[in-house]
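Here are my notes for a colleague opening this structure for the first time. Please read them beside the sequence and the 3D view.

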Amino acid sequence: MSTELLTSNRERIVKSLNGWVMLPLVIVLFLGALALLIYSIVAGVKGEGHPIWGLFVLSLLLEPVSIIMLVGFFTLQPNEARVLILFGAYKGTVRDAGFHWGNPFYSNGPSQLSALARAVESRRNVGTGNPAHSMGGPKRLSRFKLSLRARNFNSDKLKVNDKRGNPVEIAAVIVWRVEDTAQAAFDVEDYESYVQVQSEAAIRSIASAYAYDHGEEQEVTLRGGGDEVSLELKKELGHRLAKAGVAVDDARLTHLAYAPEIASAMLRRQQAEAVIAARTKIVLGAVSMVEMALRELTEKGVVKLDEERKASMVSNLLVVLCGTAEASPVINTGTLYS
């Protein structure tokens with residue numbers, strides 16, 4: 001069964017009532033219920049010697065209703081969203097910034113008060129060093145209020161074997177954001193921890209799929225194929241984090257090096273390869289210069305050289321051009337034949 005079939009939660013955008021409209025209504029209801037309670041007692045006692053029971057009961061019912069309605073107010077900043085849950089059922093997500101009012105029994109109501117109590121208790125236990133309450137207790141307060149802003153995750157330096165089995169150290173920075181609030185809230189336990197764990201798993205997977213360097217012809221390597229590797233890392237992360245409703249905007253490697261136990265040996269190999277590459281370029285350039293010199297001498301008729309003199313001249317020029325030490329001129333007063 002595919003992951004898509006197992007995931008049934010999808011975000012539904014809903015609108016809530018304007019908090020600035022509901023606030024005066026709730027205040028009027030609260031004060032009106034209080035005034036009705038006082039009137040039922042005063043007027044009833046004066047006229048009949050007891051409260052007007054009908055108005056008295058009505059005021060007692062309206063007073064707690066007005067107090068409960070006060071719990072329904074909540075605010076959202078730009079790029080924030082509130083997930084609304086009514087008795088365990090997902091009712092939608094509010095994404096509009098501003099002052100809102102919703103059903104007091106949504107998750108933004110009494111459950112937030114209990115979450116606040118748990119957060120305070122968690123902080124108190126963290127201060128006493130109790131590890132049982134230090135596992136992200138305060139995060140419960142914002143479980144149903146999610147930030148939609150782009151965030152960075154800087155991974156630790158991970159030691160991974162590359163495609164050829166060489167241990168390398170690798171780290172990456174990942175830019176991510178919550179795209180589907182329902183999936184982030186309900187399909188994973190803690191979407192922030194999920195992002196961290198899956199990001200490290202994706203980095204390890206990508207590192208083991210490529211060689212550090214010196215790949216075969218036109219082979220992409222971690223060291224030389226920065227854009228290609230970053231694109232593959234982004235695709236891998238997008239596939240892994242889709243279940244949590246998280247979108248990946250960018251992913252880049254920030255650290256790449258051989259592990260310390262083989263770093264010195266690999267450094268010597270790189271130095272040797274650099275020397276060979278430099279020598280190869282020097283020889284190619286020297287051969288081209290000798291060829292040009294012989295051609296110019298022949299075309300301009302400066303001197304006529306037989307094969308033996310050409311060989312001697314080529315040998316001398318290659319020694320001068322390819323040698324590492326400064327050449328010392330030698331004056332030959334004789335000939336090659338005596």
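Is isoleucine 38 buried, partly exposed or exposed? Point 2 has the reply.

1. **Ground rules.** This is a predicted model, where local features need pLDDT of at least 70, side-chain atom pairs count only at pLDDT 80 or more, and totals for chains, interfaces and linings use all residues. Residues are numbered from 1 along each chain as its sequence is written, and side-chain values use heavy atoms, with hydrogens and water left out.

2. Isoleucine 38 is partly exposed, at a relative accessible area of 49%. Buried means under 20% relative accessible area, exposed over 50%, and partly exposed in between (1.4 Å probe, protein chains only). Isoleucine 38 sits in helix H2, residues 19–47. Helices (H or I, at least four residues) and strands (E, at least two) are DSSP runs, numbered from the N terminus. A nonpolar surface patch is formed by Ile27, Leu31, Leu34, Ile38, Ile41 and Val42, together with about 480 Å² of accessible area. Patch residues have over 30% relative accessible area and no salt bridge; like charges are joined within 9 Å, nonpolar side chains (Val, Leu, Ile, Met, Phe, Trp, Tyr) within 5 Å. A salt bridge puts a side-chain nitrogen of Lys or Arg within 4 Å of a carboxyl oxygen of Asp or Glu. Areas come from the Shrake-Rupley method with a 1.4 Å probe; for residues, only the protein chains shown count as cover.

3. **Helix H3.** Helix H3 covers residues 53–70. Its 18 residues should span 26 Å at 1.5 Å a residue, and the end C-alpha atoms are 26 Å apart, which agrees. The expected span is 1.5 Å times one less than the number of residues. Phe56, Ser59, Glu63, Ser66 and Met69 are the buried residues of H3. They fall within an arc of 150 degrees seen down the axis, so they line one face of the helix. The arc is that of the directions from the helix axis to the C-beta atoms. Exposed Gly54 and Leu61 are on the face turned away from the buried side of H3.

4. **Helix H7.** What are the buried residues of H7? They are Val229, Ser230, Leu233, Leu237 and Leu241. Seen down the axis of H7, they fall within an arc of 100 degrees, so they line one face. Asp227, Lys235 and His239 are exposed on the other side of H7.

5. **Aromatic pairs.** The structure holds 6 aromatic pairs. Rings of Phe, Tyr and Trp (its six-membered ring) pair if their centres lie within 6.5 Å; planes under 30 degrees apart count as stacked, over 60 as edge-to-face and the rest as tilted. Tyrosine 90 and phenylalanine 186 have ring centres 5.5 Å apart and planes at 65 degrees, so this pair is edge-to-face. The pair links distant parts of the chain, 96 residues apart: tyrosine 90 is in strand S4 (residues 89–94), phenylalanine 186 in helix H5 (residues 181–186). Tyrosine 90 is buried at 13% relative accessible area, whereas phenylalanine 186 is partly exposed at 28%. Ring pairs also link Trp20, Phe73 and Phe99 into a cluster.

6. **Positive phi.** Most residues other than glycine have a negative phi. Asparagine 79 has a positive phi, near 60 degrees. Asparagine 79 lies in the loop between strand S2 (73–76) and strand S3 (80–86). Phenylalanine 87 also has a positive phi, near 55 degrees. Phenylalanine 87 is in the loop between S3 and S4, and is exposed at 69% relative accessible area.
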